[in-house]
Amino acid sequence: MNIDILICSLNKGIVRVQDVLLPPNPNIKYVVSFQYTEDRYLDLIPSSIMNREDVRLFKYKGQGLSANRNLALEHAVSDLVIFADDDTHLSENILEVAEDAFAKVPNLDVAFFTASTYTGKPLKEYPQEEFEMKELPENYAISTIEMIAKRESIQGKVRFDERFGLGTKFLTCGEEEIWMHDALKAGLKIYYFPKKIIETSTLLKKSHIYVDAGVQRSRGAITYYIYGKKAWWHCFSFALKSARNGMCHFIPMFKHLAEGIRYMQRTKA
């Protein structure tokens with residue numbers, strides 16, 4: 001099997017992409033999707049990227065991580081794909097881990113693994129046993145950088161909702177949950193494996209649910225995407241429980257959750 005590493009970068013982050021690249025391997029290729037907001041950032045593209053035969057660079061003026069991931073996926077050609085950011089470090093045995101997973105589970109479409117910080121601390125509390133994901137997991141939150149997918153299973157079939165994610169001003173996270181919901185709805189076979197494939201410096205935006213209005217709006221929007229009109233009751237219950245537990249004040253929390261619901265009602269993906 002071969003794999004495309006899809007690296008998404010914005011503006012000055014392009015200088016870090018060279019640190020993401022592994023030693024040359026004939027079965028590992030890279031698609032670098034570089035978003036920039038001003039032309040001056042084009043001068044920062046490292047020559048080390050341009051000189052690698054296993055790297056293809058695509059430049060787009062604009063921003064939005066979900067859009068960037070969709071753009072990168074459009075250019076993928078290998079058997080497998082993994083989404084990486086410009087601040088991630090991939091495990092050198094990533095292809096071996098991927099091949100083992102897809103050989104172990106027949107007809108596997110998507111595999112989720114684990115990630116850590118640069119110091120080796122797990123990014124979150126991960127399950128210790130592998131299992132098939134038949135619904136959004138409740139005991140931990142998935143992240144895109146933990147995912148390796150069969151290209152033909154998702155390319156042109158499951159996209160990131162560009163209303164969500166970093167680079168947007170209103171719904172600043174939640175693109176992973178929406179993607180997962182759509183993938184499950186499409187009938188994809190998804191498994192989790194407790195093996196590390198990547199390191200990152202990124203903090204989890206969704207962990208700021210009690211203090212960040214953008215995360216709260218995203219929570220409301222995700223709930224509406226999944227439950228429709230029932231989202232009002234789900235969000236009311238969540239805000240009330242959170243307030244009773246002393247995590248936040250009810251009115252601001254419910255207000256932002258409601259803003260996310262109303263945003264989804266008036267927009268389309």
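**View 1. Helices α6 and α7 cross with their axes within 8 Å.** In this predicted model, local features need a pLDDT of at least 70 and side-chain atom pairs count only at pLDDT 80 or more, while totals for chains, interfaces and linings use all residues. Residues are numbered from 1 along each chain as its sequence is written, and side-chain values use heavy atoms, with hydrogens and water left out. The axes of α6 and α7 cross at roughly 140° (axes are lines fitted to C-alpha atoms, for helices over the stretch in contact, and angles run from 0 to 180 degrees between N-to-C directions). Helices (H or I, at least four residues) and strands (E, at least two) are DSSP runs, numbered from the N terminus. The crossing of α6 and α7 is right-handed; a crossing is left-handed if the near helix is turned anticlockwise from the far one by less than a right angle, and right-handed if clockwise. Here Arg219, Gly220, Thr223, Tyr224 and Tyr227 of α6 meet Ala231, His234, Cys235 and Phe238 of α7 (contact means heavy atoms within 4.5 Å). Five of these contact residues are nonpolar, three polar and one charged, where Ala, Val, Leu, Ile, Met, Phe, Trp, Tyr, Cys and Pro count as nonpolar, Asp, Glu, Lys and Arg as charged, and the others, Gly among them, as polar.

**View 2. Helix α6 also packs against helix α8.** Residues 213-227 form α6 and residues 250-266 form α8; their axes lie 7 Å apart at an angle of about 50°. The two helices are therefore oblique to each other (angles under 35 degrees count as roughly parallel, over 145 as roughly antiparallel, 65 to 115 as roughly perpendicular and the rest as oblique). This crossing, too, is right-handed. Among the α6 residues in the contact are Arg219, Gly220 and Tyr224, and the α8 residues include Met253, Leu257 and Ile261. By class, the contact of α6 with α8 holds nine nonpolar, five polar and three charged residues.

**View 3. Helices α7 and α8 pack with their axes 9 Å apart.** Their angle is about 160°, which makes α7 roughly antiparallel to α8. The crossing of α7 and α8 is right-handed. From α7, the contact includes Trp232, Phe236 and Leu240, and from α8, Phe250, Phe254 and Leu257. Of the residues in the contact of α7 with α8, 14 are nonpolar, one is polar and one is charged.

**View 4. The largest pocket has a volume of about 1100 Å³.** On a 1 Å grid over the protein atoms alone, a cavity is a set of points where a 1.4 Å probe fits but cannot get out, and a pocket is an open set with protein on both sides within 12 Å along at least five of seven lines; lining residues have an atom within 4 Å of a point. Grid points are joined across faces, edges and corners, and a volume is the space filled by probe spheres set on the points. Of the 31 lining residues, Leu136, Pro137, Glu138, Glu177 and Arg219 are the closest to the pocket's centre. Helix α6 gives the most to this lining, with seven residues. The lining has 16 nonpolar, eight polar and seven charged residues.
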